Amino acid sequence: MLSRSHPKPTRSGRPRSAAADEAILEATRASLVDLGWSKLTMGDVATRAGVAKTTLYRRWAGKNELVVDAVAVLFDELELPDLGSLAADVEGVVLQFAALLERPETKTALMAVVAESTRDEALRDRIRNSIVDRQKRLVLEGRARAQERGELPAEPDPSAAARTADLIFDVIAGAVVHRALVSAEPVDADWARRFTLLLLSGLGAASA
């Protein structure tokens, strides 16, 4: 669950319900699948979730914030497997990511917020902060694990290490999203293996 779902210690009044938050976010994803972005309203979400509309507005300022959080919790389900090697770990997380994108609620919600963000800078920033930056944890975990195994060299310069992590994330996320949602092609074990070979060994090895 998102950190914003927990009340601050100094907040007065009735505490927020984790069950209510979960119901609201699930209702938001269901509404997106059924209605699409343009027809989705806070009122419809409230009805589906079985809560008052004022409950939604106490938690989220509007539809943009609500939908991004509904997508973000899905991506928080991703975990980096420990399969014994960097290549196996990358393949594992790629397949896990692809399986998440196959779910109708993920696909619809992600495509909707990305499309809307092209016209809304604040929404784009929220996507970056709530989804992209949070999921870079997978890259950081994988790199640290590979360095401990001796598969990758240490990067003592924090700025250079951060730029490398950003690039790795962009390459993996961009390739999988494009393959699954734009090209609508399968991300199966063979594709994940060939992609990982290209990522870790370069064009020459992948061609061979």
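Q: How many aromatic pairs does a search of the whole structure find?
A: The search finds two. Rings of Phe, Tyr and Trp (its six-membered ring) pair if their centres lie within 6.5 Å. This is a predicted model, in which local features need pLDDT of at least 70 and side-chain atom pairs count only at pLDDT 80 or more, while totals for chains, interfaces and linings use all residues. Residues are numbered from 1 along each chain as its sequence is written, and side-chain values use heavy atoms, with hydrogens and water left out.

Q: What makes the aromatic pair of Trp-191 and Phe-195 stacked?
A: The ring centres of Trp-191 and Phe-195 are 5.2 Å apart, with 5 degrees between the planes. Planes under 30 degrees apart count as stacked, over 60 as edge-to-face and the rest as tilted. At 5 degrees, this pair is therefore stacked.

Q: Where do Trp-191 and Phe-195 lie?
A: Both are in helix 9, four residues apart, about one turn of the helix. Buried means under 20% relative accessible area, exposed over 50%, partly exposed in between (1.4 Å probe, protein chains only).

Q: How do you know that the length of helix 9 agrees with its residue count?
A: Helix 9 covers residues 189–201, which is 13 residues. The expected span is 1.5 Å times one less than the number of residues. That gives 18 Å, and the end C-alpha atoms are 18 Å apart, so the two agree.

Q: Which residues of helix 9 are buried, and why are they said to line one face?
A: Trp-191, Ala-192, Phe-195 and Thr-196 are buried. Seen down the axis of helix 9, they fall within an arc of 130 degrees, so they line one face of the helix. The arc is that of the directions from the helix axis to the C-beta atoms. These buried residues pack against helix 5 (86–102) and helix 8 (158–182). Contact means heavy atoms within 4.5 Å. Just after helix 9, Gly-202 takes a positive phi of about 95 degrees.

Q: What puts the buried residues of helix 2 on the same side?
A: The buried residues of helix 2 (residues 42–49) are Met-42, Val-45, Ala-46 and Ala-49. They cover an arc of only 100 degrees around the axis, which puts them on the same side of helix 2. Their cover includes helix 1 (18–35), helix 3 (53–59) and helix 4 (63–75).

Q: Why does Ala-161 count as buried?
A: The relative accessibility of Ala-161 is 9%, so Ala-161 is on the buried side of the 20% limit. Ala-161 is in helix 8. Not counting residues up to four places away in sequence, Ala-161 touches Arg-143 and Glu-155. Arg-143 is 18 residues from Ala-161 in sequence and 9.9 Å away in space, C-alpha to C-alpha.

Q: How do you know that the span of helix 8 agrees with expectation?
A: Its 25 residues should span 36 Å at 1.5 Å a residue; the end C-alpha atoms are 34 Å apart, which agrees. Buried residues of helix 8 include Phe-169, Ile-172, Val-176 and Leu-181. Among the elements covering the buried residues of helix 8 are helix 5, helix 6, helix 7 and helix 9.

Q: Is Ala-184 buried or exposed?
A: Ala-184 has a relative accessible area of 59%, over the 50% limit, so Ala-184 is exposed.

Q: What makes a set of residues a nonpolar core?
A: Its members are buried Ala, Val, Leu, Ile, Met, Phe, Trp, Tyr and Cys residues joined through side-chain atoms within 4.5 Å. The largest such core has 52 residues, of which Leu-66, Phe-75, Val-94, Leu-101 and Val-176 touch the most other members. Elements giving two or more residues to this core include helix 6 (104–117) and helix 7 (121–149). Helix 4 supplies the largest share, nine residues. Leaving aside neighbours within four places in sequence, the contacts of Phe-75 include Phe-97, Leu-101, Leu-110 and Ile-131.

Q: How many helices and strands does the protein chain have?
A: The chain has ten helices and zero strands. Helices (H or I, at least four residues) and strands (E, at least two) are DSSP runs, numbered from the N terminus. Of the 208 residues, 38% count as buried.
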